[in-house]
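Subject: Structure handover

Hello,

My notes follow below it.

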Amino acid sequence: MSPSHSSPGLVRLCVVAVVAGVAIGLVGGAFRWCLQVADRWRYELLTWAHHAPGPAWLIPVAVTAFGAAAAAAIVSRIPLATGSGIPHVEAVARGESTPPGLLVVPARFVGGLLAIGSGLVLGREGPTVHMGAALGTATGRAAHLADPDVRLSQSAVAGAGLAVAFNAPVGGALFVFEELTGRFRARTMIPTLLAVATAVACSRLILGNRPDFDVDAQSSPAIGWLAVFVVFGLVTGLLGIAYNSLVTGFLEIAARVRRVPPVAVAAIVGGIIGILLVVDPLSAGGGDTLSQTAVGGGALALPAVVGFLLVRFVAGPLSYAAGTPGGLFAPLLAVGALWGLLFAGAVDALVPGAHDLRVPLALVGMAAFFGATVRAPLTGIVLVVEMTATAELTVQMAAATAAAVLVAELAGAAPIYDSLRGRDSVRRPGESG
């Protein structure tokens with residue numbers, strides 16, 4: 001196609017990207033703000049329950065169970081709102097499914113707020129990405145774009161949704177290029193960058209302009225420690241394989257329980273997560289507070305790190321099996337940070353002077369564990385750099401993430417969204433939402 005024929009189409013695509021970027025910036029920013037309010041309310045309820053007489057602890061358990069059940073009820077009406085939404089966005093980008101309809105937006109917004117806000121171990125990015133995809137699709141159709149450009153619009157604005165979820169514009173754009181489309185062509189890059197920039201700018205009107213995590217200035221560890229980060233990455237690859245297996249395994253168990261209605265399954269999962277919240281509020285929820293404690297150098301004793309890691313390693317996949325709206329990224333980052341702290345503790349016991357590796361390994365663990373599970377290493381590294389405003393550890397992140405991805409690839413383990421997309425294509429063939 002000559003430039004004279006393609007230029008008008010590209011201009012229209014860019015206009016669509018900007019308009020839809022404004023929409024997902026405002027919707028995604030409002031979604032994040034509502035989740036922050038829900039988090040505060042949840043912690044206040046848990047604090048009250050701990051000090052109230054009698055079996056007051058049952059109230060937060062009931063709230064979490066109700067939130068999960070209500071979110072599952074929304075999914076029963078809008079099936080495309082289940083889970084992360086990213087597998088569906090990828091399927092659309094590959095021409096394997098039809099783009100999402102606008103009903104996905106309220107379903108994801110309200111359902112995600114109920115599920116994540118009540119304390120399930122789920123991430124905000126899945127609903128925000130899917131809402132962006134739906135808004136990009138609707139705007140593209142309203143502008144009478146050709147079908148290939150509608151799909152490109154949904155991918156670009158989906159990336160803007162991820163950027164809004166983590167205040168990470170470059171990471172959101174890389175997610176489109178590396179994970180959704182696998183292309184770095186001008187026709188993909190220009191509208192994506194416009195959508196991401198517009199969306200993040202609008203979301204910052206609501207949320208402000210601060211990194212998601214406050215991290216003290218870091219100095220790059222001496223080059224002699226690089227081998228430690230490589231070994232860390234190799235083991236992280238195995239951990240990522242195990243985590244992905246748990247996610248698909250719990251989904252398989254939930255699918256086999258045919259006699260129990262999905263809403264009841266979600267309520268049971270919610271009740272279990274509610275009990276974890278009562279025991280310790282950091283045991284469940286999206287995980288941002290725990291991640292901040294880990295990368296901010298907070299005083300987490302090694303036994304507590306082990307406990308939180310084990311609980312959240314299982315609670316995340318279990319929460320995802322509830323079938324409510326909610327993503328995997330944010331819980332992955334918390335697990336990666338905890339795993340980095342644990343590995344640093346083990347190294348410190350064996351090698352004198354390794355105490356200074358706690359925060360670096362927590363930060364690197366976030367990127368490496370993301371790479372091992374999602375298999376999008378560049379996106380993971382850039383997301384962590386933008387979320388923490390820390391670029392001094394890029395060499396260590398690159399080495400550890402490459403090692404983690406290498407192990408997962410050599411083991412023949414599928415990336416998590418490939419596995420989930422395969423399940424969705426069997427469960428909902430041809431569904432458009």
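How does Glu-409 count at 46% relative accessibility: buried, partly exposed or exposed? Glu-409 counts as partly exposed, because 46% falls between the 20% and 50% cut-offs. Please bear in mind that this is a predicted model.

Salt bridges

The whole structure holds 11 salt bridges. Glu-409 takes part in one with Arg-375, at 3.0 Å from N to O. Arg-375 sits in the loop between helix 14 (358-374) and helix 15, while Glu-409 belongs to helix 16 (residues 394-410), so the bridge ties together parts that are 34 residues apart in sequence. Arg-375 has 12% relative accessibility and counts as buried.

Asp-149 and Arg-187 form another salt bridge, with 2.8 Å between the closest N and O atoms. This pair links distant parts of the chain: Asp-149 is in helix 6 (residues 147-166) and Arg-187 is in helix 8, 38 residues apart. Asp-149 is buried, with a relative accessible area of 12%. Arg-187 is partly exposed, at 21%.

A local pair is found in helix 9. Glu-252 and Arg-256 are both in this helix, 4 residues apart, or about one turn. An α-helix has 3.6 residues a turn, so residues three or four places apart point the same way. The side chains of Glu-252 and Arg-256 meet in a salt bridge of 3.5 Å, N to O. Glu-252 is partly exposed at 33%, and Arg-256 is exposed at 62%.

A buried charge without a bridge

Glu-386 is located in helix 15 (residues 377-388). Glu-386 is buried but has no salt bridge. Which side chain of opposite charge is nearest to Glu-386? That is Arg-204, 6.3 Å away. Leaving out residues up to four places away in sequence, Glu-386 touches Ala-168, Pro-169, Val-170, Gly-171 and Pro-211.

Helix geometry

Helix 2 (residues 58-77) has 20 residues and should span 28 Å at 1.5 Å a residue. Its end C-alpha atoms are 29 Å apart, which agrees. Buried residues in helix 2 include Pro-60, Thr-64, Gly-67 and the run from Ala-68 to Ala-72.

Helix 9 (residues 226-256) has 31 residues. From first C-alpha to last, helix 9 reaches 45 Å, close to the 45 Å expected. Among its buried residues are Phe-229, Phe-232, Gly-233, Gly-237, Gly-240, Tyr-243 and Asn-244.

Nonpolar patch

A nonpolar surface patch covers about 660 Å². Which residues make it? They are Val-18, Val-22, Leu-26, Trp-33, Ile-190, Leu-194, Leu-205 and Ile-206. Helix 1 (3-51) and helix 8 (186-207) each supply at least two of the patch residues. Leu-194 lies in helix 8 and is partly exposed, with a relative accessible area of 31%.

A loop proline

Pro-281 is in the loop between helix 10 (262-279) and helix 11 (288-295). Its relative accessibility is 22%, which counts as partly exposed. Beyond its neighbours within four places in sequence, Pro-281 contacts Tyr-43 and Leu-46. Pro-281 and Asp-214 are 67 residues apart in sequence, with 20 Å between their C-alpha atoms.

Best regards

How values were computed. Residues numbered from 1 in each chain as written. Predicted model: local features only at pLDDT ≥ 70, side-chain atom pairs only at ≥ 80, totals over all residues. Heavy atoms only, no water. Expected span 1.5 Å × (residues − 1). Buried < 20%, exposed > 50% of the residue type's maximum accessible area, 1.4 Å probe, protein only. Patch = residues over 30% accessible without salt bridge, like charges linked within 9 Å, V, L, I, M, F, W, Y side chains within 5 Å. Areas by Shrake-Rupley, 256 points an atom, 1.4 Å probe, with all protein chains shown as cover. Salt bridge = Lys/Arg side-chain N within 4 Å of Asp/Glu carboxyl O. Lys, Arg positive; Asp, Glu negative; His and termini not counted. Contact = heavy atoms within 4.5 Å.
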